[in-house]
Amino acid sequence: MTFTPKALLRVSVAVALLTILLKGYAGYITNSMGLISDAMESFVNLASAMFALAMVTIAERPADDDHPYGHHKAEYFSSGFEGILIVGAAIAILWVSVQRLLSPQPLEQVGWGLALSVVSSGFNAALAVVLFRAARVHRSIALEADGRHLMTDVWTSAAVVVGIVGVQLSGWLWLDPLLAIGVALNIVREGVKLVWRSSQGLMDEALDPETLATVRATIDTFVARRPDVGPRLRFDDMVTRSAGQRRFADLHMHVPGDWTLQRAADLRNQLEQALMDAVPGLRVTIQLLPLTMEARATQAGEHNPL
């Protein structure tokens with residue numbers, strides 16, 4: 001059973017609220033800066049899931065006069081916003097952790113605190129796995145970003161648990177805030193990656209190499225299955241871009257100049273359908289040109305054969 005992105009993000013909001021309660025209480029009863037920093041990141045999870053839900057709702061809107069290509073890029077705002085929130089939370093954790101490092105305090109009721117942290121991390125890990133799978137199915141960067149953030153939270157919690165155990169075994173109180181600082185630095189790294197990923201999407205990043213290979217293979221197969229006309233066709237100047245769940249490809253198809261427009265258009269329509277069947281979510285635009293003519297970009301030295 002495949003859940004919709006909106007349904008999964010609603011679940012993410014609920015899980016974030018649950019982990020805030022569990023980790024917050026764990027940090028309160030143990031007085032552990034590591035667990036407190038972990039709980040603070042859960043607030044970021046909540047804000048991120050809520051914003052992602054809003055952006056996915058917008059991304060699902062159909063194309064209109066003002067947005068003829070749709071609203072799919074709204075998901076990139078979600079991942080960028082989540083990255084910024086992650087960095088902000090990390091800065092707050094760093095500030096508090098440095099204060100605790102300068103003035104270490106003993107830990108209390110460690111057993112209960114660790115148990116609550118492990119339970120909440122289990123919820124996050126399970127949800128992250130579901131989000132990753134759904135992100136591949138729906139090609140949703142918002143779901144992927146939320147899943148990556150949750151997995152970062154899981155590894156953060158694991159590091160905190162190890163650190164608290166280390167404090168109990170060694171008696172080194174400074175180990176707890178030092179670990180929290182390491183957690184914050186790791187969170188910064190993940191936040192910067194999300195911001196970069198969203199910025200590339202907003203700047204019309206080309207399709208990934210695997211998808212491009214599928215497009216080219218589909219064209220080659222299309223030509224090979226038509227030995228009567230295939231050798232007389234030429235394809236070049238393909239440009240691609242991604243926009244959330246949608247993908248776009250524009251290319252030129254050169255045909256013999258003595259063909260009728262109807263014959264060339266029929267062949268183009270067949271190729272467009274084959275490409276859209278091979279790559280889900282792809283929108284293809286093929287410009288027809290005679291074999292003896294090159295596009296202006298090609299004439300200017302920008303020829304890009306497939």
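The model is predicted. It holds two salt bridges, and a nonpolar surface patch of about 380 Å² is made by four named residues listed below.

**Helix α8**

- Helix α8 runs over residues 261-278 and has 18 residues; at 1.5 Å a residue it should span 26 Å, and its end C-alpha atoms are 26 Å apart, so the two values agree.
- The buried residues in α8 are Ala264, Ala265, Leu267, Leu271, Glu272 and Leu275.
- These residues cover an arc of only 165 degrees around the axis, which means that they sit on the same side of α8.
- An α-helix has 3.6 residues a turn, so residues three or four places apart point the same way.
- Gln262 and Asp277 are exposed, on the other side of α8.
- The cover over the buried residues of α8 includes helix α7 (209-224) and the strands β1 (234-243), β2 (246-255) and β3 (282-290).

**Helix α1**

- Helix α1 covers residues 5-30, which makes 26 residues.
- From its first C-alpha to its last, α1 reaches 36 Å, close to the 38 Å expected at 1.5 Å a residue.
- Asn31 follows α1 and has a positive phi, near 65 degrees.

**Salt bridges**

- Asp258, at 62% relative accessibility, counts as exposed.
- Asp236 forms a salt bridge with Arg234, and here the closest N and O atoms are 2.9 Å apart.
- Asp236 is buried because its relative accessible area is 0%, and buried means under 20%.
- Arg234 has a relative accessible area of 26% and is therefore partly exposed.

**Nonpolar surface patch**

- The residues that make the patch of about 380 Å² are Leu101, Trp172, Trp174 and Leu178.
- One of them, Leu101, lies in helix α3, which covers residues 74-102.
- Leu101 counts as partly exposed because its relative accessibility is 30%.

Technical notes
Residues numbered from 1 in each chain as written. Predicted model: local features only at pLDDT ≥ 70, side-chain atom pairs only at ≥ 80, totals over all residues. Heavy atoms only, no water. Patch = residues over 30% accessible without salt bridge, like charges linked within 9 Å, V, L, I, M, F, W, Y side chains within 5 Å. Areas by Shrake-Rupley, 256 points an atom, 1.4 Å probe, with all protein chains shown as cover. Salt bridge = Lys/Arg side-chain N within 4 Å of Asp/Glu carboxyl O. Helix = DSSP H or I, 4+ residues; strand = E, 2+ residues; numbered from the N terminus. Buried < 20%, exposed > 50% of the residue type's maximum accessible area, 1.4 Å probe, protein only. Expected span 1.5 Å × (residues − 1). Arc of directions from axis to C-beta. Contact = heavy atoms within 4.5 Å.
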